2 protein chains.
Amino acid sequence: MCQLLGMNCNVPTDICFSFAGFQQRGGRTDHHADGWGIAFFENRGCRVFLDHQPAATSAVARLVREYPIRSKNVIAHIRKATHGAVALENTHPFNRELWGRYWIFAHNGTLTDYDPDLDGTYQPVGATDSESAFCHLLQTLRERFGLVAPPDDQFVLAIQHWADQTAAHGTLNFLLSDGELLLARCSDKLCYVERRAPFPVAHLVDEDVSVDFAEVTTPNDRVAVIATVPLTDNETCTSLTPGELAVFRHGARLCDELTAKSV
Amino acid sequence: MCQLLGMNCNVPTDICFSFAGFQQRGGRTDHHADGWGIAFFENRGCRVFLDHQPAATSAVARLVREYPIRSKNVIAHIRKATHGAVALENTHPFNRELWGRYWIFAHNGTLTDYDPDLDGTYQPVGATDSESAFCHLLQTLRERFGLVAPPDDQFVLAIQHWADQTAAHGTLNFLLSDGELLLARCSDKLCYVERRAPFPVAHLVDEDVSVDFAEVTTPNDRVAVIATVPLTDNETCTSLTPGELAVFRHGARLCDELTAKSV
């Protein structure tokens, strides 16, 4: 099993604090040492840092931790290999283009007897069940909606339907983003915290580090952080339930608009 | 106009020496300060580092220079913006998947009155002529060969044909790789050096740095370095001629096998 970390904000925000704790789980405070990756959207553009070294000791992870890249949507993943060797091409998150947007996907879980009917529109480069699932998801969206992005509610409904079907093969916790929305789907383990004014002093579980968010934010900032296991030990974290799909935009969960129609 | 750097090798090799000189052209020894990017293939996987900061002062560029990532195929680009704002989504090299492989493309030149007939298979995310051309190239390959990669000679011929047609719109120097082959297409400025035993002591044009490759290689190593302008001042660089497409594999130009049929 792997670990996921996502962030969705209304203003570009750096993830250095959360990543500092998350990084330690890649080989130090936890055993997810088979590579890691992180994707930062900056408007339509996207930077993806991948490494098949353990996150806890990776030079690239040190850069990410120390160099504040400000982003409204971030997805990170640390890997404990189940399907597919420890190799760069099997490292999450995966990146493909659909509708003139980059899509970033990271998965936690294992799918068994899973061999989706891929027509070649998107083909996996590596050997993971996760990348196959991502290719199948994008193929399904393209079949369903053609070459133009649909309204968000239809899109979310299609994701929910695909996830329900795919989860018949096993555990399917995933994060997905196109730089606008961040979708978090839970099979068994995924939780989130929404930060807004008045901002707390947050303290990491994995390192003895605290940050006073009030000092580095404005009163209008909103940030949602989604993780497999809570990263802080003094904030209220909301657990998603099995089968639940949460949609975040501008740093807040869209409880009433989109997901009420689909969950 | 931008600058290109490519490397193709028979064993995984770091590009730190060449990149040290190339990086200086991104704002110090030359004026290409509108972002930069570099892609490293590692087997089928690929890492792409992008930054819209000038390469000469970028923290990510410093990491790339100091952290030896060993790769058999590398493509780098420093940008002087012509079409499209200075933004991450307009930063080369671009990355898409075709035939279950990642394809990396970087372009130097400007295409005018260029509006290729894109059917949506690949859609640009940014606003550059270069990314449109790359999307059109991949669409053309998929139309021509379907969902399975063709033999190399047919593939190279198709690239040559596409490049000849596209170059009617302007300057089309580009580098393209799938991690196996590296293709270099010249409109007006592109040259290469092939290094093999006995290895030279090479000296950079842009920095007073030398390296004795004999100390860091084995007698069987072969490395081809392709650049817009020579990076070293004491090696013999072969200039490509306008319209020429050079194909490199295992650190050597394939003069007789592939390109003889197409040039």
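## Basis of the model

Two strands count as paired if DSSP finds at least two bridges between them. Helices (H or I, at least four residues) and strands (E, at least two) are DSSP runs, numbered from the N terminus. This is a predicted model, in which local features need pLDDT of at least 70 and side-chain atom pairs count only at pLDDT 80 or more, while totals for chains, interfaces and linings use all residues. Residues are numbered from 1 along each chain as its sequence is written, chains are lettered from A and ligands numbered from 1 in the order in which they are written, and side-chain values use heavy atoms, with hydrogens and water left out.

## The sheet of chain B

Chain B has an open sheet of six strands, in the order E5-E6-E7-E8-E14-E15, with antiparallel pairing. E5 and strand E15 (252-253) of chain B are the edge strands; each has a single partner, so one side of each lacks a neighbour in the sheet. Strands of a sheet pair through backbone hydrogen bonds, either parallel or antiparallel.

Strand E7 (residues 173-177) of chain B is joined to E8(B) by four bridges. Leu176(B) has Leu183(B) as its bridge partner in E8(B). E7(B) and E8(B) make a hairpin with four residues between them. Gly179(B), in the turn, has a positive phi of about 95 degrees. On to the next pairs. E8(B) and E14(B) run antiparallel and share four bridges. Here Leu182(B) is partnered by Phe248(B) in E14(B). Strand E14 (residues 245-249) of chain B is joined to E15(B) by two bridges, and Arg249(B) has Ala252(B) as its bridge partner.

In a regular strand the side chains alternate between the two faces of the sheet. Strand E8 (residues 182-185) of chain B is covered on both faces. Leu182(B) and Ala184(B) are buried on one side, Leu183(B) and Arg185(B) on the other. Buried means under 20% relative accessible area, exposed over 50%, and partly exposed in between (1.4 Å probe, protein chains only).

## The sheet of chain A

Chain A also has an open sheet of six strands, ordered E5-E6-E7-E8-E14-E15 and paired antiparallel. E5 and strand E15 (252-253) of chain A stand at its edges with a single partner strand each, so one side of each is left without a neighbour in the sheet. Strand E7 (residues 173-177) and strand E8 (residues 182-185) of chain A pair over four bridges. Ser177(A) stands opposite Leu182(A).

## Cavities

Rolling a probe the size of a water molecule over the atoms shows where empty space is left. On a 1 Å grid over the protein atoms alone, a cavity is a set of points where a 1.4 Å probe fits but cannot get out; a pocket is an open set with protein on both sides within 12 Å along at least five of seven lines; lining residues have an atom within 4 Å of a point. Grid points are joined across faces, edges and corners, and a volume is the space filled by probe spheres set on the points.

The structure holds six cavities of 30 Å³ or more. Strands E3 (45-51) and E5 (94-98) of chain A and of chain B each supply at least two lining residues. E3(A) gives the largest share, five residues. By class, the lining has 14 nonpolar, five polar and four charged residues. Ala, Val, Leu, Ile, Met, Phe, Trp, Tyr, Cys and Pro count as nonpolar, Asp, Glu, Lys and Arg as charged, and the others, Gly among them, as polar.

The second largest cavity has a volume of about 140 Å³. It is lined by 14 residues, with Asn95(A), Arg96(A), Glu97(A), Arg96(B) and Glu97(B) closest to its centre. E5 of chain A and E5 of chain B each give two or more residues to this lining. The lining divides into four nonpolar, four polar and six charged residues.

## The largest pocket

The largest pocket has a volume of about 380 Å³. Of its 24 lining residues, Pro12(B), Phe41(B), Glu42(B), Asn43(B) and Arg70(B) lie nearest the centre. E4(B) supplies the largest share, four residues. The lining splits into eight nonpolar, eight polar and eight charged residues.
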